[in-house]
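Let's walk through this model together, looking at a pair of backbone angles and then at a pair of helices. Have the viewer open as you read.

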Amino acid sequence: MLAWLYPPDRSSRWVAIDELALVAPDLTSGGLQSTINYLESKKSLVTERLEGQLSVSITTHGMRALEEQLPAFSAKKRQWKGNWQGVFFLEAPAGDNNFRFLRRLLTNVAAVPVSRGMYLYPGELPEKVIFELNSSYVGSVMVVEFAQWVFGDEKEIIGSTLQLGDLVDAYSSISKEIDTLLTVDQTLISFTDQQKLRFSSIYDRLFGALQHDLGVQRAYFPQVENGVDLLFRLQTLSSMG
């Protein structure tokens, strides 16, 4: 839901609740309202009556929450130039036998597991990871930064590890479906029931792909439109702009 509200330029973007129902078709009207109330209580969105319609807009807090959940939305990932930081495990500290906590933390921030003892992260490690390393892993972990691969095919290794080929295939297919959908000279709310079902299906597939997108696809396959830009194209169907 927050993904549909995310604006292309971080400006205010309002969406009518009737339209929002199309990106969450499995929710009843009561379920949708409960979800909106919950997200509003978490300061992730705000509601307002505009043009006679109850509408919602994502907050800056909601944007940050979405960027943590889906790294492809992160501005740093969208501007990533190919530099990596590698985290190498040396000897597990007493407080984290076998590095279980650190592995879970690195997985949660979408670091790339190359082996059990090595993770790669595109760009600079998040502050919460740096904090944990300084607090609990001095002498147990080594971090190295690099921007160039000396040996080994970077595209093949990263592409295989992250299954970028599957992601690119999904985005290419979704892009063609969006092209067809955008030929309809109507706003989303004005769609026929069949067109609305088609939109919901495309959005569901796109959101599913974004959940597996760590934000590096554009650097290795720039010829394929990335998932966030595909979402922004879909948003042009929005009745409130």
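A residue is called buried under 20% relative accessible area, exposed over 50%, and partly exposed in between (1.4 Å probe, protein chains only). By that scale Asn98 is partly exposed, with a relative accessible area of 36%. This is a predicted model, in which local features need pLDDT of at least 70, side-chain atom pairs count only at pLDDT 80 or more, and totals for chains, interfaces and linings use all residues. Residues are numbered from 1 along each chain as its sequence is written, and side-chain values use heavy atoms, with hydrogens and water left out.

Most residues other than glycine have a negative phi. Asn98, not a glycine, has a positive phi of about 65°. Look for Asn98 in the loop between strand 4 (84-89) and helix 6 (100-108); helices (H or I, at least four residues) and strands (E, at least two) are DSSP runs, numbered from the N terminus. Gln163 also has a positive phi, about 55°, without being a glycine. Gln163 lies in the loop between helix 8 (154-162) and helix 9 (164-181), and counts as exposed at 52% relative accessibility.

Now follow helix 9 onward. The axes of helix 9 and helix 10 (residues 193-210) come within 10 Å and cross at roughly 155°; axes are lines fitted to C-alpha atoms, for helices over the stretch in contact, and angles run from 0 to 180 degrees between N-to-C directions. That makes helix 9 roughly antiparallel to helix 10, a label for angles over 145 degrees. Residues in the contact (heavy atoms within 4.5 Å) include Leu167 and Ile174 of helix 9 and Phe199 and Leu206 of helix 10.

Key. Angles under 35 degrees count as roughly parallel, over 145 as roughly antiparallel, 65 to 115 as roughly perpendicular and the rest as oblique.
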